[in-house]
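Open the model in your viewer and keep the selection tool at hand. The stops below say what to select next and what is there.

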Amino acid sequence: MTSPGDAAPVKPPPSFSPGVPRVASKSRYPNQRRDSSPALDADLVDSRIRSPTPPLTATTAELPIRSASPRALSFRSSTPQLARSSLGSPVEGRFDGAEEIRSLIIRSFAPVVGVYASADTDELVRQKGFAGGFWELIRPFGENVPGKLVIRDSVGSSRGWEDYGVRFVNLASNSPPPTNSSSGRNPSLAQVEEVLEKQLGTTDDPLGGSMRPRDFLNFPTTSPLYKVFLRHLLSISSATPHETFRHPVASVIAISSRNTAPLETLRQLYADTSNGPRRLPDWCHSEYLRYYVLIHDEDRDDIAESTKLYDQMKRHFGLHCHLLRLRSNQCVVTDDDSVQVPECEWLSPTERLSGGAEPLVDLDNNGLYLFDSDIMAIKAFIRELVAQSVIPFMENRVAVWNDQVASRRRGISGRFMSMSRRWAGFGTGSRSSLTSGGASGNYDVAHGYYRPDTPEALLRKMADFAFMLRDWKLSASTYELLRSDYANDKAWKYHAGAYEMCAVSMLLNPAAMGTKVKLDGIDQMFDTACYSYLTRCSDTPNALRCLTLAMELLKSRGGSAVESAARWAMRAMDLGLVGSIGQGLFSERVSACYAARSPVSGMKWGSRRRKAGMWSVFAADMWLRLGKPSLASAALEEAERLYADVLDGDGGFPMPEMQTFVDNLRHAVKVEYLEARGLDTRDEAATAEALGTEETSEKLDRRMNRKSLISNPLDSGGLGPAQGTRDDDNAANDDFERA
Amino acid sequence: MSYYFTILSPTDVPLFNIAFGTSKSGGDGIARFRFPDTAQYMNQFIIHSSLDIVEEAQWMNGNMYLKHIDTYPPASAYISAFLTPSGARFLLLHQPPQLASNSGQGAGGSGSMGGSMSGSLLLGSAGGSSRASASSIANNPTSPQTEEAVRQFMTEVYENYVKTVMSPFYRQGMEIKSPVFRGRVTAAGRKWL
């Protein structure tokens, strides 16, 4: 690295080689963004905001018909297949259930960009109302880079991604996390639970059954609560030695036009991050991209001055520079071109808890607004940063490391080397030498990490880069290469991480559709990873992340993989990794996993409707015990839907004890629901009865027809009670509707 | 080991239910499931849900005895199935006793509904006897010995079932109430399981 005492003002860090990728990059990113995506996004936001009212009446009005008509169900049961067929294009199918989760997972592994701004910059931004300074200002915009980003993978084929993003972290306050993450593992999971609690508290009160998204009628979608859970679970992790996803890939160094000694300040900022107080921990690779930003104050300063300074910066630092023109006045709602600052999507649980701002409810109180021109400027800045600097830099690094480190290992001689090394270890015969020195000797046992310049660490970093660039084929093969190294060195956390990510990349890779054999291998890998995380490192958040990823990705594979998906979810519940709310959520997920299994074409069998229904009933029971009747009723409704085509026409269970249990559950849910809304239960019951009778007469007709078709003598026995419950159900629904 | 045996008609209506415990290696033949007595519906839920697998397995396999087909991991309940030519299905849920060493984990994990409730259910005597029989069929629900024992049990029950069903007073689809049949099933359970 450059030494700080150099006379030259600030050298551009040697870590990038300007030229090759960047020159090409201009032409490589044609302005071909499709306009459908923003529209869809707007739609999503829209539905998120207004979700409380519309779905309720819609769903409840449809309910009796829905639960009783198997034809509609068979149509619905074919949706997982559709989802699978569009698996190659995660972006297109972003809004049906499975793909949405998949996209969420992919987006959670985004490159991290550090932000380090000078004092005058932060001062300028604070005037605009952002207490956190420059970092807070640009953070929400980094999460979704506008337009399509084209990424070239290791074999040279390009692919455009609409949903790429980066995470900005504040380098100025980055010191505490490492100690936190190792000691406070259960707290972080407890925090996730707390976030869920809070989310429930805010959304549960106003209107109960609103937890389901709008397209509930078409798809068995995941509940928003689960997405909140997943998002927070995936953003728990802070920078740790064993994986480099949270290590900064680049850092933005910002000064403002108010600065009196701009180049001097830039030099100082650079020195701070490279070997000053803001240096990254020892286990982070210190060669990362530096990006220099000059913020021009449109309201106070002269653009000519700033342009001159910017030209000077460009001369010094090359092309990784940007002139960002912002207004320094604070924007208020009443201004003409005020635009609300979007919410951060990826907050860690700690931030969410301390932040307090609740996106769904406090829309108006959240008073951060920006001028339209500022937003345009920031978006353009971020797009340029990501498209022309960060991604080419990462591509370049991957190519270089692949060439210099990985190919050496992959070749014949590399294999032989590692093999002979292993044998030499056994040859000496002493176990202690194996453990202390490790097979390679690169693992620092005392501190528990590899130095960043060892081949093991570099390979891991390369694999992580490839993963973040969504080149899952390369990352999978690299993780595979690493697994045995880590095992030899007994670097268990690394070991677990490599197994986990290897399996995840294999599942994400759309080309390698799983055969049965492959799935077994993947199960094995998850098993090893989970065991290493839990037993050898007692790292519960990572273990839970591993199991959750396993479940979600296997589920999105469909077919026989959903069985193991459900098994991983049960495993997570069994190991006690999730809290009480998590139990409910995971039960619903197990149900969703089984529901995703579609029957053999043309046959009645092969699906897992009964299992799915059973888990939905259990979820309802859990929600009820947690005092969340609205969630319970949603789960019950789902159960009814799932059971509808395995039970005979009247929806009664053949087994008496099941029937009584479900009846009791239904009744309890209804009573609690009404009580939670502060209504007089007796009155409601009376009116409900009145309302119910109307519908039953119609229903009776239907059932008569049905019965004459089936003519099963045993049905008459089950008819009585089932009829009663159906009435209850209708009654409850009618109440919903009136609310 | 606790057992729950059900005969289901082709339309999934239960014709016969019995719960019993192991009589081998000092067992007293009383079922002790991992659910409290108030949650016996769990057995029916598990059996019912395994019908999904039975429906699939019956087309993949030419035998009448389908062996162990399904597991419900949270309560470690194992299901074995047997098909009769008339379409009735014999389903046997077997659940190994919770080991004393296991109970700590189960209570700590408290993952499933079954798991959380089971800690209180563990009886001292059951724990002791199960320890002694660690190598017997009771604790290895998927071992070949268990498969064989279940097969013997199923075959014997099937013979008795055929005799019962051929009774002139029995109509197809009726619940089997014959005390003789119940006695025979109990005897078969005592003999083989």
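**Stop 1: the core**

Select A:Val115, A:Val390, A:Ala503 and A:Ala569: of the 224 residues in the largest nonpolar core, these touch the most other members. A nonpolar core is a set of buried Ala, Val, Leu, Ile, Met, Phe, Trp, Tyr and Cys residues joined through C-beta atoms within 7 Å. Helix 15 (residues 372-410) of chain A gives the largest share of this core, 16 residues. Domain 1 (20-50 + 86-174 + 239-396) and domain 2 (647-739) of chain A both contribute residues, so the core lies between them; the domain bounds come from an automatic or database domain assignment. In soluble globular proteins, nonpolar side chains tend to be buried together.

This is a predicted model: local features need pLDDT of at least 70, side-chain atom pairs count only at pLDDT 80 or more, and totals for chains, interfaces and linings use all residues. Residues are numbered from 1 along each chain as its sequence is written, while chains are lettered from A and ligands numbered from 1 in the order in which they are written.

Stay on A:Ala569. Leaving out residues up to four places away in sequence, A:Ala569 touches A:Met551, A:Phe586, A:Arg589, A:Val590 and A:Cys593 (contact: C-beta atoms, placed from the backbone, within 7 Å).

**Stop 2: a sheet in chain A**

Next, show the open sheet of 5 strands in chain A, with parallel pairing and the order 4-1-5-6-7. Helices (H or I, at least four residues) and strands (E, at least two) are DSSP runs, numbered from the N terminus; two strands pair if DSSP finds at least two bridges between them. At the edges are strand 4 (167-170) and strand 7 (321-326) of chain A, each pairing on one side only. Strand 6 (residues 289-297) of chain A pairs with strand 7 of chain A over 6 bridges, in the parallel sense. Select A:Tyr292 to find its bridge partner in strand 7 of chain A, A:Cys321.

**Stop 3: a hairpin in chain B**

Move to strand 3 (residues 65-72) and strand 4 (residues 77-83) of chain B, which pair in the antiparallel sense over 6 bridges. The two form a hairpin with 4 residues between them, and B:Ser76 in the turn has a positive phi of about 40 degrees.

**Stop 4**

Finally, select A:Met655, in the loop between helix 26 (629-643) and helix 27 (656-676) of chain A. Is A:Met655 buried or exposed? A:Met655 counts as buried because it has 21 C-beta neighbours inside 10 Å (buried: 20 or more other C-beta atoms within 10 Å; exposed: 12 or fewer; partly exposed: in between; C-beta atoms are placed from the backbone). Beyond its neighbours within four places in sequence, A:Met655 is in contact with B:Pro14, B:Gln44 and B:His48.

Notes:
Two residues are in contact if their C-beta atoms, placed from the backbone, lie within 7 Å.
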